[in-house]
Amino acid sequence: MMRFDTVIRHGTVVTASDTFVSDVGILNGKIVALAAELTDADEVIDATGLYVMPGGIDSHVHLDQPSGQGIVMADDFDSGTRSAALGGNSTVMTFCMQEKGQSLREALKIYHAKAEGKCHVDVSFHMVITDPTADVLGQEIPALVADGYTSIKVFMTYEGLRLRDDEILATLDTARRTGALVMVHCENEDAIRYLIGRHEEEGQLAPKFHATTRPIAAEREATHRALSLAEIVDVPIVIVHVSNREAMEEIRRARQRGQKIAGETCPQYLMLTADDLDQDAMEGAKYVCSPPPRDKASQDACWEGLEQGVFDLFSSDHCPFRFDDPEGKLNENGKRHFRWIPNGIPGVATRLPILFSEGVMTGRISLNQFVAVTSTNHAKLYGLYPQKGTIAIGADADLALWDPNRRVTITNDLLQHGADYTPYEGTQVRGWPVQLLLRGKTVMKDGSLVGGEEQGQYLARGLSSLTA
Ligand code: DUC
Ligand code: ZN
Ligand code: ZN
């Protein structure tokens, strides 16, 4: 008879494809048995009435990133991964931002130092390419992909970050040669700058004008262009943080043309609208993110995209800034003009409960779809499968135990992130992750971190299922 370190008993196991009652036997951090009535374990966890799901994988999280002069991101790797664990996530993928003129190796050294010894869940890095020199594309990226840094993000917006179309093409070509997967932030920077200029002439500087300077057409056009550039080079890409139907339909059409495309949406596009930016005083600054939240019809479209599989990924785009803070949303310039309000909202802890409650409990998506878009597809698309993202023999025992009947009113103090607000304050959800195991060890139970030490590891990744 096999002996286990831990057995999770009598839970309902949910994967991206199946739902079944089974015990889960864990040995040396791995799942080694799925069967009825496993015994002989050092630790037994009773999961009667609970769902046992793969730990959440959030492949779009910003932590400890420089964000402009005098602006400080609200989460470092300690607080950000703590909040991730509280929300049922066992892996986060964060961004390593290349400064202009910097080598990618230098940038990675800095981000590894930021993360070292601080992580409560497993962590991996996407490279943000802002300076695609011949050396970066010809030498560094091939070597980095071989070392397990297999994804890249590029921006079509933000002066100083955005790449020109020829630079995007060259980056995509490098991705095609190396198997890297490119994530694209799609908004037309020239259109946005033009609109900001017009708003300035009219004195329209309040937070709500962040949304009107970044209209759907600017996102749709850039999405179409990114997809066309990928088609020209013949390489898969990920369209990240899609906010509306028109951009979503571009993804559908590209797939119909035969392109391999992944699509991502985020909680803010299901739960918020541009009206949230239009509030008294500076309250609207709390909701400034890019692309901006749109309207009810866009929310419905994003739900449709999740239901119908246009979106493979549901990520938080956690990009936290404090609100009432001169280094955050209400910095001196930001108080006067929306363009200086740092873009981004916190959400790594609320991503899963929101989708569980609003998606699964309402019957919009199945439990299996929930697991697919919050964990399994992230592992597959970013080269961690089947080590992560599923419940199978040999996989890491990264497991989230969910109580589908736990009712929680979201408040900022529950989330233990560095931001002083949550956009979802007062939102009532049904279903909550009550325990999280990371490689077989409990790291979170009933809203508290346990174990006392940071057990997260850095993950080198293989190639994406889209590019392999
Ligand atoms: N893009 C992101 O992916 N996150 C935050 C800000 C942004 O523009
Ligand atoms: Zn982005
Ligand atoms: Zn982001």
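Because the model is predicted, local features were considered only at pLDDT of at least 70 and side-chain atom pairs only at pLDDT 80 or more, whereas totals for chains, interfaces and linings use all residues. Residues are numbered from 1 along each chain as its sequence is written, chains are lettered from A and ligands numbered from 1 in the order in which they are written, and side-chain values use heavy atoms, with hydrogens and water left out.

The zinc ion (ligand 2) is coordinated at 2.1 to 2.2 Å by K153 through NZ, H185 through ND1 and H241 through NE2, where donors are N, O and S atoms within 2.8 Å of the metal (3.2 Å for Na, K and Ca) and water is not among the atoms, so sites may look incomplete. Along the chain, these donors follow the spacing K-x31-H-x55-H. H185 belongs to strand β10 (residues 181–185) and H241 to the loop between β11 (237–239) and α8 (245–256), so the pair ties together parts that are 56 residues apart in sequence; helices (H or I, at least four residues) and strands (E, at least two) are DSSP runs numbered from the N terminus. H185 is buried, at a relative accessible area of 1%, and H241 is likewise buried at 1%, the term meaning under 20% relative accessible area with a 1.4 Å probe and protein chains only. The zinc ion (ligand 2) and the zinc ion (ligand 3) are separated by 4.1 Å.

Ligand 1 is surrounded by residues that include K153, H185 and H241, together with D317, C319 and N343, each having a heavy atom within 4 Å of the ligand. A nitrogen atom of ligand 1 lies 2.8 Å from a side-chain N or O atom of D317, and a nitrogen atom of ligand 1 is 3.2 Å from such an atom of H185. For H241, the corresponding distance of 3.2 Å is to an oxygen atom of ligand 1.

The largest pocket has a volume of about 1200 Å³, a volume being the space filled by probe spheres set on grid points joined across faces, edges and corners. On a 1 Å grid over the protein atoms alone, a pocket is an open set of points where a 1.4 Å probe fits, with protein on both sides within 12 Å along at least five of seven lines, and lining residues have an atom within 4 Å of a point. S67, G68, Y158, L161 and N343 are the closest to its centre among the 48 lining residues. The second largest pocket holds about 190 Å³ and is lined by 15 residues.

How values were computed: Buried means under 20% relative accessible area, exposed over 50%, partly exposed in between (1.4 Å probe, protein chains only). A polar contact is a pair of N or O atoms within 3.5 Å; within protein, one must be able to donate a hydrogen and the other to accept it, and residues adjacent in sequence count only if both atoms are side-chain atoms.
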